[in-house]
Amino acid sequence: MLDKLKAFLGDTKDYDVKSNEENEIDETSSIDRTKPKFVLRKPESRAELAEIAQDLTQNRIVILNLELINKSEVRRFLDFLQGTIFALNGQVKKLSDDTYIFIPGAVEVKGDILEDVEKLM
């Protein structure tokens, strides 16, 4: 699923990539600042919610994979982040069982990226 999304988005060197797995990545290449930034997140605990919300407030598109979160906590994650995205006049879309995309309202998305992503699934 993530490979399909990366293929759709293109070379990830154009985006901020953050991971909390054993091999932590935080890479930013020289990019055209007019392009929207994507952040791929795979949190392990609720303590990371504030960082994810901060990504959204900085107008970064967040692709969130919740497969490492206890199923009883997933609803809390989604409630908090949906409230954040609502306050930013953005939108959220479920990509798969545990993966969501959050697009802040200040980010201009030309075309219908959500329809294109759905076609990949």
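**Helices and strands of a predicted chain**

The chain has four helices and six strands, where helices (H or I, at least four residues) and strands (E, at least two) are DSSP runs numbered from the N terminus. This is a predicted model, in which local features need pLDDT of at least 70, side-chain atom pairs count only at pLDDT 80 or more, and totals for chains, interfaces and linings use all residues. Residues are numbered from 1 along each chain as its sequence is written, and side-chain values use heavy atoms, with hydrogens and water left out.

Student: Are helix 2 and helix 3 roughly parallel or roughly antiparallel?

Tutor: The axes of helix 2 (residues 49-57) and helix 3 (residues 71-87), lines fitted to C-alpha atoms over the stretch in contact, come within 10 Å and cross at roughly 25°. Angles run from 0 to 180 degrees between N-to-C directions, and those under 35 degrees count as roughly parallel, over 145 as roughly antiparallel, 65 to 115 as roughly perpendicular and the rest as oblique. Helix 2 is therefore, relative to helix 3, roughly parallel.

Student: Which residues of helix 3 make the contact with helix 2?

Tutor: Contact means heavy atoms within 4.5 Å. On the side of helix 2 the contact is made by L49, I52, A53 and L56. Helix 3 contributes F77, F80, L81, T84 and I85.

Student: What is the bridge partner of V92 in strand 6?

Tutor: Strand 5 (residues 91-94) and strand 6 (residues 99-103) pair in the antiparallel sense over four bridges, pairing being assigned if DSSP finds at least two bridges between two strands. These strands form a hairpin with four residues between them. In strand 6, V92 has as its bridge partner F102.
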